[in-house]
Amino acid sequence: MREVRRAPLEPGEPATFSMLRVPFFLEPRYPHSEGFEETNRVRLHRKWGSEEGFLAQKQRHRLKERGWAVGIAKFDLDRIASSTFAAHRLVQHVTKTAGVDAAERLYADLNYRHFEKGRKLNDRAMLVECAARVGIDETDARLFLESDQGTAEIERAQRLLEQLGVHSIPTLCVGGRHLVSAAVPHQVTVQHLRQLEAMEPRERGTGWMFAEPLGIPQHVLDAPLDLGSGVAGDAQEAVGSSG
């Protein structure tokens, strides 16, 4: 998004963006209890059937190399895997109460702690700490996580993902209309965004597909995503998982 904004197709008319994170679960059958965990290595060996299957998909996806390209020195293969339901609920709560910029900072912090430091995403104490770092009162965050708030909204979003046939991540939903796979080098994603930038607004779309199911207030949708400067503009929804 930064690259598209920095060098607009029409000089003086940079594209602008807002963002919603749409929950997606790599392991939807994981128990939600805080006590459940396993290593990511065990999870991947089970998913791909063997060490050989795991190594084959690793070569296909080249996540390590793609991580290097965006500054991630090392993924922790033995990071602790657990249910991400509470983490996704918290991201949605922060989006609704503190806005998209705070939610993006939280999302980035959670990803760093999990993928690079190996932390478990269902660690409630860690989730409260991360929420506090983006301005959420610790007591409010703890009470929210102890409740079932946000569950119905996430379940509605999951049903919509199924209807749309979204089975892999990351996927972008741009303007409430266009589904774009982002499981590609970032240059390819930039090309997709450039194609959309060249469209007329009525063709590109300016709406939101997941805002209503997730219960996102209009003032949050209207707020800018801070890319360094600019005002609110094109809507973008990222379907992804924190783990």
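Q: Is Ser-83 buried or exposed?

A: Ser-83 counts as buried, because its relative accessibility is 5%. Buried means under 20% relative accessible area, exposed over 50%, and partly exposed in between (1.4 Å probe, protein chains only).

Q: What kind of model is this, and how is it numbered?

A: This is a predicted model, where local features need pLDDT of at least 70, side-chain atom pairs count only at pLDDT 80 or more, and totals for chains, interfaces and linings use all residues. Residues are numbered from 1 along each chain as its sequence is written, and side-chain values use heavy atoms, with hydrogens and water left out.

Q: Ok, back to Ser-83. Where does it lie?

A: Ser-83 is in the loop between β3 (80-81) and α5 (85-98). Helices (H or I, at least four residues) and strands (E, at least two) are DSSP runs, numbered from the N terminus.

Q: What does its side chain reach?

A: The side chain of Ser-83 reaches the backbone nitrogen of Phe-85, at 3.2 Å.

Q: New topic. How many salt bridges are in the whole structure?

A: A search finds ten. A salt bridge is a side-chain nitrogen of Lys or Arg within 4 Å of a carboxyl oxygen of Asp or Glu.

Q: Which residue does Arg-21 pair with?

A: Arg-21 forms a salt bridge with Glu-104, and their closest N and O atoms are 2.8 Å apart. Arg-21 is in strand β1 (residues 17-23) and Glu-104 in helix α6 (residues 100-116), so the pair ties together parts that are 83 residues apart in sequence.

Q: Are those two buried or exposed?

A: Arg-21 is partly exposed, at 21% relative accessible area, while Glu-104 is buried, at 19%.

Q: What about Arg-113, which residue does it meet in a salt bridge?

A: The side chain of Arg-113 meets that of Glu-129, at 3.3 Å from N to O. Arg-113 lies in helix α6 and Glu-129 in helix α7 (residues 124-133), so this pair ties together parts that are 16 residues apart in sequence. Arg-113 is buried, with a relative accessible area of 10%, whereas Glu-129 is partly exposed, with 39%.

Q: Which residues are linked with them in a network?

A: Salt bridges link Asp-109, Arg-113, Glu-129 and Arg-133 in a network.

Terms used:
A polar contact is a pair of N or O atoms within 3.5 Å; within protein, one must be able to donate a hydrogen and the other to accept it, and residues adjacent in sequence count only if both atoms are side-chain atoms.
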